[in-house]
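Visitor: Could you take me closely through one part of this model, the sheet, and then what lies against it and around the ligand?

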Amino acid sequence: MTHGFTSVRQIVEQGYCVSCGLCTAFSNGAAQMGYTTSGQYRPDVEALTPEVEAKILTHCPGINVAGPWDVPLKQMHPIWGEVRTVCMGWSRDPDTRHRASAGGVMTALNRFALDSGQADFILQVAADGDDALHSNPVMIRNAEDLLTGSQSRYAPVAPLAAILDALDTGERFVVSLKPCDIAGVRNLQKTDARAREQIVFTQAMFCGTTPSRSETEAFFHRRNVRAKDLTDMRWRGHGCPGKTVGFLPGGIEVDGPYSELWTDKWKTQFRCKICPDAIALQADIATGDIWPGGMPKGETPGENAIISHTKRGDDILHQAINAGYLEVTDLTIDDVSDSQPHHVDLRRTFGTRVQATTDAGHNAPNFTDLNEHQLTHTLDADEKAATHAGTLRRVKAGQGDECVDFDGFS
Ligand SMILES: Cc1cc2nc3c(=O)[nH]c(=O)nc-3n(C[C@H](O)[C@H](O)[C@H](O)COP(=O)(O)OP(=O)(O)OC[C@H]3O[C@@H](n4cnc5c(N)ncnc54)[C@H](O)[C@@H]3O)c2cc1C
């Protein structure tokens with residue numbers, strides 16, 4: 001299957017951009033990412049040559065996602081894909097566990113990869129030094145810097161803007177990002193041997209959405225603080241989930257509950273509403289929170305649900321456990337479904353959502369091997385009609401690259 005897009009402008013205007021930045025990497029710096037008035041992060045499509053544009057159309061993870069259902073005889077879980085190991089875990093280093101987003105599993109696995117000499121650096125994201133809400137891709141080579149990057153950054157970032165630079169080092173590295181970023185890496189691995197050889201493993205969190213930057217600006221505005229005056233911030237961490245905290249000059253802190261960003265309506269990008277793989281089916285290791293029902297019931301020391309999807313991911317996970325980097329305990333895949341109801345719903349409905357966009361006249365993406373048909377068949381007629389109508393309503397309201405109200409995944 002191929003997609004129906006003929007330009008990057010269409011990808012952006014029809015709301016398929018995930019802001020990963022791969023297109024800017026292909027443009028060799030000619031195209032830059034920039035914020036839209038709605039707080040999303042988008043490439044400057046005017047700066048792309050036809051050659052670069054052709055490459056982007058082949059690799060863009062906004063419109064090209066190939067899941068793991070390419071071998072029909074594999075035993076696959078219909079929602080969660082190939083599950084080799086599922087467990088609950090956390091970093092055995094108390095500082096990492098405390099400071100990290102959840103239990104510090106991603107940071108602990110990255111630390112293990114560096115300490116064991118399997119990777120020379122980690123490609124992940126970290127806060128920008130001048131703009132506290134902004135994040136940059138970084139190549140981290142030591143434990144101290146790993147800790148500064150260990151958090152959930154709930155705002156747009158373009159980590160794949162650095163993927164070609166990472167490959168140009170000739171060194172081995174881990175990719176530790178979001179599911180859509182991993183989809184871009186997988187697309188690149190199909191055409192670039194270096195990406196197959198140098199990337200030691202990939203890991204990603206389950207990703208409910210990338211909220212617009214303006215959501216976090218609004219959080220601070222409600223506290224009479226301008227985001228540009230912040231010297232630093234974190235969305236969560238220092239406990240699980242911890243508070244959302246901003247830091248001002250003079251040691252002043254402003255904070256609010258983690259749940260404030262998620263319990264009311266908030267703005268996200270359209271592509272997240274139709275995402276075919278927000279649970280990192282393509283990553284070697286996927287991880288997320290383990291909050292029964294999908295929201296925290298209070299503070300905990302920090303725990304992750306962990307799924308290894310591939311042999312490579314499973315080997316790394318067990319090596320890290322055996323080397324004392326992770327503590328793990330039993331978990332079932334049903335427990336994971338119970339803690340991620342929005343992801344189960346999105347997986348069941350994404351096919352109908354995508355269908356609604358094409359019924360509205362938008363181009364068709366190239367989403368394959370994602371178990372779409374089996375999952376769509378789990379919907380009854382009412383669910384299907386309501387889902388289809390909801391997406392149509394958003395598209396017809398002109399919500400392409402504009403932010404959409406996030407109202408759960410209905
Ligand atoms: C945008 C976003 C949406 C999320 N949605 C869900 C969800 O639906 N369900 C759920 O259970 N959990 C969600 N999470 C939180 C996630 O569960 C935890 O981040 C994850 O469990 C990892 O926790 P950790 O303690 O192992 O991570 P840490 O050890 O703190 O490491 C965090 C890692 O995440 C990477 N990272 C952080 N922010 C970004 C970003 N914006 N883009 C790319 N990479 C990033 C960092 O590079 C780092 O490698 C989301 C996180 C983010 C950033």
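Guide: Eight strands form an open sheet with mixed pairing, in the order β6-β5-β7-β8-β13-β14-β4-β15, where strands (E, at least two residues) and helices (H or I, at least four) are DSSP runs numbered from the N terminus, and two strands pair if DSSP finds at least two bridges between them. Because β6 (135-140) and β15 (326-330) stand at the edges with a single partner strand each, one side of each has no neighbour in the sheet. From one strand to the next the twist averages 30 degrees, angles running from 0 to 180 degrees between N-to-C directions of axes, which are lines fitted to C-alpha atoms, for helices over the stretch in contact.

This is a predicted model, in which local features need pLDDT of at least 70, side-chain atom pairs count only at pLDDT 80 or more, and totals for chains, interfaces and linings use all residues. Residues are numbered from 1 along each chain as its sequence is written.

Within the sheet, β13 and β14 (residues 304-308) run antiparallel and are joined by 4 bridges, and T287 has I306 in β14 as its bridge partner. Helix α13 (residues 311-322) packs on the sheet, touching β4 (85-91), β8, β13, β14 and β15, and its direction makes about 130 degrees with that of β14; contact means C-beta atoms, placed from the backbone, within 7 Å.

Turning to the ligand, β5 (121-127), β7 (173-177), β13 (285-288) and α5 (105-115) each supply at least two residues of the shell around the ligand, and α5 gives the most, with 3 residues.

Methods
Two residues are in contact if their C-beta atoms, placed from the backbone, lie within 7 Å.
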